[in-house]
Amino acid sequence: MLSPTFYLQNAPVYLGALSDFFYDWLGQNSFSQIFILTDENTRRHCLPVFFAQTGLETRAIVHEIPSGEAEKNLATCEKIWSAMAAAGLDRQALVVNLGGGVIGDMGGFCAAVWKRGLNFIQVPTTLLAMTDAAIGGKTGVDFQGGKNLLGVFRQPAAVFVDPVFLHSLPEREWRSGFAEILKHAVIAGQSFETMEMADMTALLHRSIAVKVRIVEEDPTERGLRMLLNFGHTIGHAVESYFLATPASLTHGEAVAIGMICESHLAGLPAADTLASFIMRHFLPCPMPESAFPAIWQWMKQDKKNTSDTVRMAVPDVLPYSLKIMEPTRAQVENSLRFYNRLA
């Protein structure tokens, strides 16, 4: 069997063709049942590929949920748990999360609490999930409109990153994942101005390496791992605001806006270059000033906050260095106006 590309907290990460790794990995483990979680898109486009490379078609139990961030809630979890109950999943079962960030976060959460914890693996099918969401052991769901307010840290038994699944992605999902790749490059002090998608495996390797290095040092987000929230404090709030409108954003689109605002607010040396690069690769999404109070209220629910103080994690001057800021409402609103001027 080929060795894992990365090894993180007892959770091997395999980058490459699924067929190169999966058979041997499964043979080293003994699972009573295989429960695969999909949505309608990954069931149609990705499940046949997964079965072709793993040979699990006659053995697996497949449960499909509706796609989209709006489904990432406890009501959907109840349906997943009901399907697990109907399938009689015991504690020796394996849950396979075949999909993007929503499937990975929610499937991991459901597995982590079912009978006090089942093994699960992540098989990410989007660029965003491959570079970020599937790696690091964060699981969770949204609650009362807030992003990921419920969740636990639990490492998957393995992560299988196969670029073959990217062939079915629409352009908007490519851009969404590209935001996380860009975030990792900024954190690591890597050049991003000439970044391109030509060698996807190399790009994935470079980006995953940044995530793995940070999670290895800080697995439960007590310090440096907060750096991975760059762009997310404002980005999550923007995403939550637009989730209730007809013009909802993808996670990556919201994070891209968040990186522009947060780097400007923090006065990062690369702020202008970063903003220019993002505006060339992402569609503009100006926000009405009437949205600013709601965005601020969503920011006040961020998990990094203490008491009633908004805290924001941004890169410091050196690569892999962290700066925690406590911006005021006026500063945040000025950064949103800065983005609107660019848009």
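Visitor: In which loop is Gln144 found?
Guide: Gln144 lies in the loop between strand 7 (141–143) and strand 8 (146–150), where helices (H or I, at least four residues) and strands (E, at least two) are DSSP runs numbered from the N terminus. Before going further, note that this is a predicted model, in which local features need pLDDT of at least 70 and side-chain atom pairs count only at pLDDT 80 or more, while totals for chains, interfaces and linings use all residues. Residues are numbered from 1 along each chain as its sequence is written, and side-chain values use heavy atoms, with hydrogens and water left out.

Visitor: What is the phi of Gln144, and is the residue buried or exposed?
Guide: Most residues other than glycine have a negative phi. Gln144, although not a glycine, has a positive phi of about 50°, and with a relative accessible area of 69% it is exposed. Here buried means under 20% relative accessible area, exposed over 50%, and partly exposed in between, with a 1.4 Å probe and protein chains only.

Visitor: Where is Tyr320 placed, and does it count as buried or exposed?
Guide: Tyr320 sits in the loop between strand 10 (312–315) and strand 11 (322–325), with a positive phi near 55°. Tyr320 counts as buried, at 18% relative accessibility.

Visitor: How should I read the sheet, and in what order do its strands lie?
Guide: Strands of a sheet pair through backbone hydrogen bonds, either parallel or antiparallel. In this model seven strands form an open sheet in the order 1-2-9-6-5-3-4, with mixed pairing; two strands are taken to pair if DSSP finds at least two bridges between them. Strand 1 (6–8) and strand 4 are the edge strands, each pairing on one side only. Strand 1 pairs with strand 2 in the antiparallel sense over three bridges, and Phe6 stands opposite Val13 in strand 2.

Visitor: Which strands does strand 3 run parallel to?
Guide: Strand 3 runs parallel to strand 4 (residues 60–65), to which six bridges join it, and also to strand 5, with four bridges. Thr38 stands opposite Glu64 in strand 4, whereas the bridge partner of Ile36 in strand 5 is Val96. Both faces of strand 3 are covered, with Ile34, Ile36 and Thr38 buried on one side and Phe35, Leu37 and Asp39 buried on the other.

Visitor: Which strands does helix 3 touch, and which does helix 5 touch?
Guide: Helix 3 packs on the sheet, touching strand 3, strand 4, strand 5 and strand 6, and its direction makes about 150° with that of strand 3. Helix 5 (residues 101–113) also packs on the sheet, touching strand 3, strand 4, strand 5 and strand 6, and its direction makes about 165° with that of strand 5. Contact means heavy atoms within 4.5 Å; axes are lines fitted to C-alpha atoms, for helices over the stretch in contact, and angles run from 0 to 180 degrees between N-to-C directions.

Visitor: Which residues of helix 1 are buried, and why do they lie on the same side?
Guide: An α-helix has 3.6 residues a turn, so residues three or four places apart point the same way. In helix 1 (residues 18–27) the buried residues are Leu18, Phe21, Phe22, Trp25 and Leu26. They lie on the same side of helix 1 because they cover an arc of only 115° around the axis, the arc being that of the directions from the helix axis to the C-beta atoms. Among the elements that these buried residues pack against are strand 2 (11–15), helix 3 (47–54) and strand 9 (158–161).

Visitor: Which residues touch the most other members of the largest nonpolar core?
Guide: In soluble globular proteins, nonpolar side chains tend to be buried together. A nonpolar core is a set of buried Ala, Val, Leu, Ile, Met, Phe, Trp, Tyr and Cys residues joined through side-chain atoms within 4.5 Å. The largest one here has 95 residues, of which Trp25, Phe50 and Ile121 touch the most other members. Its largest share, nine residues, comes from helix 10 (residues 251–266). Leaving aside residues up to four places away in sequence, the contacts of Phe50 include Leu18, Phe22, Ile36 and Val96.

Visitor: How many disulfides does a search of the whole structure find?
Guide: The search finds zero disulfides, a disulfide being a pair of cysteine sulfur atoms within 2.5 Å. The sulfur of Cys77 is 3.6 Å from the closest cysteine sulfur, in Cys110, which is too far for a bond.
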